[in-house]
Amino acid sequence: MKPVRFVLICVSLLSCLLLLSPASLLAQTRRNKPIDSKATKETAALYHNLRKLSRKHILFGHQHATEYGHGWSGDSNRSDVKSVSGSHPAVIGVDFSGLSGRPTEAVEKAKESLRKQIVDTYDRGGVTTVAWHFSNPASKGGFYWVDSLSAPAVALLVPGGSHHEQYKQILRTIGELAHSVKGNDGKLAPMIFRPYHELDGGWFWWGKPHCKKEDFVSLWRFTVSYLRDSLQVHNFLYAFSPDCLYKTEADYLDRYPGDEWVDMVGVDNYADFGRNGRYNVNAGIQKLKIVSDYARKAGKLAAFTETGLESIPDTTWWTNTLLKALKAEKMRLAYVLVWRNDVRSPTHYYAPYPGQASVPDFLRFYQDPYTWFETDLPNMYRRKWLFF
């Protein structure tokens, strides 16, 4: 290359870098890496392996799968999915809902239960994802928005807000748990932490109608910064997952806190996949594609963070609806997670149990080479896979 041309290229590149903000520069340096530069080796390996795996496969997940199921609770090494297929789901969903808004003894009991679930999943080689149905710390009403009861708490939790110190204490409780989940190998179990999900809807107190965009973004950034930088939690990957109310990338990113604050982008979508008998699968596919495309462009992981068909009345839903959607458009999605199976309700379940009508089709879904369950997994917490 001629010297003059080389100098001009260097000057051009330098000019482009100078136009980027420090935050943008940081985001660029963390492409295809966790946003936490001090992430544990196991957490960084999980990120790397999920990214590589999503080129050819998708992990199947189920919320609360090993805690309880259809008609049972607390049994050791049990899940409805395992009872049907012989394997636990590859991804197990837990919830931090019990870590605040309760008496101290109840919080400690919740921590112990979570610790066991997270460590057991890690020791088996599975992956943990964490939802947070966070009870409103500023009012009654729980995690839902309840007219006349719920306070618009997001603005109260950010720095300078009236409940900011209380929020920091709640995050310290989460941090204590994160520092305690050591597996049999003595290492901390990584988790995919998914706070403030379905933020574009109005059913939760952190939803779009109940807070300003800048307050939501501030709350997200503070949450990540306080856990990662102040509390030194380095075994979290952070997932951003709106509901399915968007149609364009711009809509999807409306309250996105920025690439330097997110490891995984996802979507919760029940509405397009059969809820209340209504199917709009093509729309669901396009929404997943927006998520997958953005992840590839921004150097992030992508996932179908929640879906499912309650009671699974469509006996071929697994292969004719879900699997076809997942395979469409050559998307790269790390996992798909269906919601929980309630202990007592005869109708509130999202994965099959022995004898449920969709079992034969679920087994076809399980046997498809594209879907991976726990027994299919290599070591997700080591960086090198021999077959990649």
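The largest pocket holds about 830 Å³ of space. This is a predicted model, where local features need pLDDT of at least 70, side-chain atom pairs count only at pLDDT 80 or more, and totals for chains, interfaces and linings use all residues. Residues are numbered from 1 along each chain as its sequence is written, and side-chain values use heavy atoms, without hydrogens and water.

A pocket is an open set of points on a 1 Å grid over the protein atoms alone, where a 1.4 Å probe fits, with protein on both sides within 12 Å along at least five of seven lines; lining residues have an atom within 4 Å of a point. Volume is the space filled by probe spheres set on the points.

| Pocket | Volume | Lining | Nearest the centre |
|---|---|---|---|
| Largest | about 830 Å³ | 32 residues | H64, D95, H133, F143, W339 |

Helix α5 (residues 104–124) gives the most to the lining of the largest pocket, six residues. For the second largest pocket, α5 again gives the most, with five. Helices are DSSP runs of H or I with at least four residues, and strands are E runs of at least two.

Now to strand β7. Five of the five residues in β7 (residues 236–240) are buried, so the strand is largely enclosed by the rest of the structure. Buried means under 20% relative accessible area with a 1.4 Å probe, protein chains only. F236, Y238 and F240 cover one side, L237 and A239 the other.

Strands pair if DSSP finds at least two bridges between them. Strand β6 (residues 191–194) runs parallel to β7, joined by three bridges. There, F193 stands opposite Y238. Strand β8 (residues 264–268) is also parallel to β7, with two bridges. V265 in β8 is the bridge partner of F240.

Definitions and conventions:
Buried < 20%, exposed > 50% of the residue type's maximum accessible area, 1.4 Å probe, protein only.
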